[in-house]
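Hello,

Here is the structure I promised to pass on. Please open it first, then read the notes below.

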Amino acid sequence: MQESIAVSVVVASHARPLRLRWLLNALEEQTLDPSLWQVFVVHDYEGAVAQRVVKSHPLYEAGRLHEIAIAPGTGSPARQRNLGWGEAAGELIAFVDDDCRPGSGWLSELLEVSAGEPGAIVQGATRPDPLESDILAAPHVRTMLIDPVGPYAQTCNILYPRAVLDRLDGFDETATTGEDVDLWLRARALGVGIVPAPKAVVNHAVESFSLPGILRQNLKWRHLAYLVKQHPELRASFPLGVFWDLEHFWTTVGLIGLLGARQSPWSLTLTAPYVARSVLRRGPGAGRRAAAVAEVPGQAVRQVAEVVGLMAGSVRHRTLVL
Amino acid sequence: MRIVLLCPAERGATAVERLGQGLRGFGHEVDVLALRGDQARARIATVADRALAKRGFVTPLAPALPTVAALLARSYEVAHAFSIPEAQAALMWRRLRGGRVVFTCVEPVERARLADRRLRLRLTRGAYEDSDVVTAASPQAQAALGRWLALDAPVIELGDASSYERLYRTLAS
């Protein structure tokens, strides 16, 4: 059976056992011939949870789902994915995250595109899960929207030839975040191409957070400075070569305006672009504008925290990214 | 034993009333609370829920407090809920007063309605994972609990008063 495996799906899971269960259910519904694929879940759940979520699943009982359990707190997305693809039998490795729900044609679409572009990385399309779209009304939301090919090659929906992973020695396990971006950039440097598979759709969870919750969630972004240090070519897309995106640029300008207000009230005008963008964040319409206005204070705290976090990361990794 | 059955406004209400009658046959004091039938509370709840719904929250959230107040008004030993809002109210009551919470899944859970609104998933998980016992009212409900919540719940039909009576006694001992 192992010889016929065309693609191995690798999932790193941590602190989301129920979402993992839903992912496994979606994989069970894949239209691709079951003899052609297998799943590896690398997790750090305690035994009772693993039994309930993984080992009771029909895919496990059918021998098509393999689990690699590591000690709680010893994992990272990079390490767990490396453990997974290292054990996998397929010459193609499909990565998906445990908070995702692939469409039933996901694997077959990835394989079809891969067959037409041997040796290339294949990126599918990721969208906020339509089943959870009402949650987008929340002020602090985490989800994903990728129209392939995007610049970051996130592992929520991507297929790598094993040969490429072997050449690169897998994910950088010293990276706290951005390990998927790093993998893609190293592959690109070797001349590996990436192609889109827009019909290989993954639906990404839409999760709302309180303000403290989103601040905790975003703490990891302070380590993006490490990614930029490894790949200074990323700065070509940064505003002024320093800011991760325009939001951070205008947040910093606004922050300077606020801090300078003590010396001169006129410096408050520097906050105007940030406020104007924030008011339009939810789009046109009186109701949406009202919601956006009400959310300005919380959004400002979140954005400032991200910039301050990146400042701290810049100091730690000795390269300026804001 | 003093038992309260938190009667849902939707399907299953008649069966819960019959369960109450069956439990009384065993000599227990049984109240069947159907608070959403109270019109004044329903009006307040509707206004609050409309505001919450616009921000993506699951509704109804507002009826939870009147239900908790009604539970605290008498000293029950077991609160048996049949829907998520009532289960949340019972869990709140348990935190304040003690007692045991039984939650019965009447309708099979559906993936589309597990994480479709803010707080839905948290409240659903809380009801299923924090209740003292979870049962399923049918094999279909049991299968859905297994598939979507990775839970293994015994099937006890709503009309099976003797099985629930044994369950309550086990909890109370």
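Predicted model: local features only at pLDDT ≥ 70, side-chain atom pairs only at ≥ 80, totals over all residues.

Start with the strands. Chain B has an open sheet of 5 strands, in the order S2-S1-S3-S4-S5. The pairing is parallel. Strand S2 (29–33) and strand S5 (133–136) of chain B are the edge strands, and each pairs on one side only. From one strand to the next, the twist averages 20°.

For a closer look, take strand S1 (residues 2–6) and strand S3 (residues 78–81) of chain B. They pair in the parallel sense over 4 bridges. In this pair, B:Ile3 stands opposite B:Val78.

Helix H7 (residues 161–172) of chain B lies across S1, S3, strand S4 (100–105) and S5 of chain B. Helix H7 of chain B runs at about 145° to S4(B).

B:Glu165 pairs with B:Arg169, and the closest N and O atoms are 2.5 Å apart. The two residues are separated by about one helical turn, because they are 4 residues apart in helix H7 of chain B. B:Glu165 counts as buried, at 7% relative accessibility. B:Arg169 is partly exposed, at 44%.

**Salt bridges around A:Glu132**

Over all chains, the structure holds 27 salt bridges. Which residues does the side chain of A:Glu132 meet in salt bridges? One is A:Arg19, at 2.7 Å, N to O. A:Glu132 lies in the loop between strand S6 (121–128) and strand S7 (141–142) of chain A, and A:Arg19 lies in helix H1 (residues 17–28) of chain A, so the pair ties together parts that are 113 residues apart in sequence. A:Glu132 is buried, with a relative accessible area of 0%. A:Arg19 also counts as buried, at 8% relative accessibility.

Another is B:Arg111, at 2.8 Å, N to O. This pair crosses between chains. B:Arg111 sits in the loop between S4 and helix H5 (120–130) of chain B. Both A:Glu132 and B:Arg111 are buried.

**A network in chain A**

One last item. A network of salt bridges links A:Arg16, A:Asp98, A:Asp99, A:Arg142 and A:Glu207.

Best wishes

Notes
Residues numbered from 1 in each chain as written. Chains lettered and ligands numbered in written order. Heavy atoms only, no water. Pairing = 2+ DSSP bridges. Axes fitted to C-alpha atoms, helices over the stretch in contact; angles between N-to-C directions. Contact = heavy atoms within 4.5 Å. Salt bridge = Lys/Arg side-chain N within 4 Å of Asp/Glu carboxyl O. Buried < 20%, exposed > 50% of the residue type's maximum accessible area, 1.4 Å probe, protein only.
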